[in-house]
Amino acid sequence: MQNAYRPPSSLGLFPPVVKNLLILNGLAFLAQMIFQARSPEPFDVIERLFALWPIGGPEAIRFSDGVVAFGSFGPWQLVTSAFLHGGFGHILFNMFGLWMFGASIERVMGSKRFLGFYLACVLGASLLQLGVTSWPFLMGDAGGIPVPTLGASGGVLGVLAAFGLLYPESPIYLLFLPVPIPAKWFVLGYAAFSLFAGFTSVQAGVAHFAHLGGMVTGAVMVLYWLGRLPIRPRTLLS
């Protein structure tokens with residue numbers, strides 16, 4: 001296992017899983033743009049079918065200016081929601097993070113293990129977010145308006161957590177700070193902010209619990225593979 005971060009080389013700039021995830025996210029975003037341009041509804045057919053909808057929410061609500069159709073939960077949405085995005089800035093930020101941290105992690109884990117790792121982080125993020133968003137409806141809050149969750153952030157932040165564990169002292173540069181931050185402190189700070197924001201409604205509209213779910217899933221899997229958990233068997237990274 002490597003213990004020092006090395007920037008991507010020209011031959012490894014886009015390892016296969018990261019490259020294909022970038023392509024799939026780009027194609028899904030293009031399909032969203034096409035369907036949104038043709039749909040008069042707030043949510044087009046792609047978002048109604050493939051975004052992550054809470055369990056128990058209404059499929060339609062009549063507002064003063066008409067009826068708005070919402071989606072309903074389907075198990076496939078736990079994965080498909082991670083390939084949809086809410087705008088160009090959203091997908092750009094997520095795909096940059098996936099490339100920036102994912103290329104290094106894929107080289108360490110190998111492509112097959114990295115793909116399983118990424119999808120597990122997506123599932124961990126989606127399950128926690130699903131529980132949080134479904135709670136009001138399952139508790140009988142019939143007046144709530146369902147809000148879908150979409151974006152690759154949960155998977156990307158799981159990759160970031162892995163980066164912080166494998167390259168803890170590697171510097172991460174932020175535009176608004178004049179000094180770099182060691183990866184381990186950046187990851188811990190991001191997790192702490194997501195926890196705080198999730199319970200205080202800071203940055204409303206951001207799926208903070210999905211971020212936490214992805215980071216916790218990624219951290220637990222890497223710690224397991226490194227043999228730092230009391231669970232057997234232990235399998236070291238390549």
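**Aromatic pairs in a predicted chain**

Me: What share of the 238 residues of the chain counts as buried?

Reply: Of the 238 residues, 42% count as buried, where buried means under 20% relative accessible area, exposed means over 50% and partly exposed lies in between, with a 1.4 Å probe and protein chains only. Please keep in mind that this is a predicted model, in which local features need pLDDT of at least 70, side-chain atom pairs count only at pLDDT 80 or more, and totals for chains, interfaces and linings use all residues. Residues are numbered from 1 along each chain as its sequence is written, and side-chain values use heavy atoms, with hydrogens and water left out.

Me: Ok, and how many helices and strands are there?

Reply: The chain has eight helices and four strands, and along the sequence they follow the pattern α-α-β-β-α-α-α-α-β-β-α-α. Both are DSSP runs numbered from the N terminus, helices being H or I with at least four residues and strands E with at least two.

Me: Changing topic, how many aromatic pairs does the structure hold?

Reply: The structure holds 11 aromatic pairs. Rings of Phe, Tyr and Trp (its six-membered ring) pair if their centres lie within 6.5 Å, and planes under 30 degrees apart count as stacked, over 60 as edge-to-face and the rest as tilted.

Me: Why is the pair of phenylalanine 117 and tryptophan 225 called tilted?

Reply: Their ring centres are 6.0 Å apart and their planes stand at 45 degrees, so the pair is tilted. Phenylalanine 117 lies in helix α5 (residues 111–138) and tryptophan 225 in helix α8 (residues 208–225), so the pair ties together parts that are 108 residues apart in sequence.

Me: Are those two buried or exposed?

Reply: Phenylalanine 117 is buried, at a relative accessible area of 0%, and tryptophan 225 is buried as well, at 10%.

Me: And what kind of pair do phenylalanine 199 and phenylalanine 209 form?

Reply: That aromatic pair is edge-to-face, with 5.3 Å from centre to centre and 85 degrees between the planes. Phenylalanine 199 belongs to helix α7 (residues 183–200) and phenylalanine 209 to helix α8, so the pair ties together parts 10 residues apart in sequence. Phenylalanine 199 counts as exposed, with 64% relative accessibility, whereas phenylalanine 209 is buried, with 13% relative accessible area.

Me: Back to tryptophan 225, which charged end sits over its ring?

Reply: The charged end of arginine 113 does, 4.7 Å from the ring centre; the rule is that NZ of Lys or CZ of Arg is within 6 Å of the ring centre and within 35 degrees of the ring normal.
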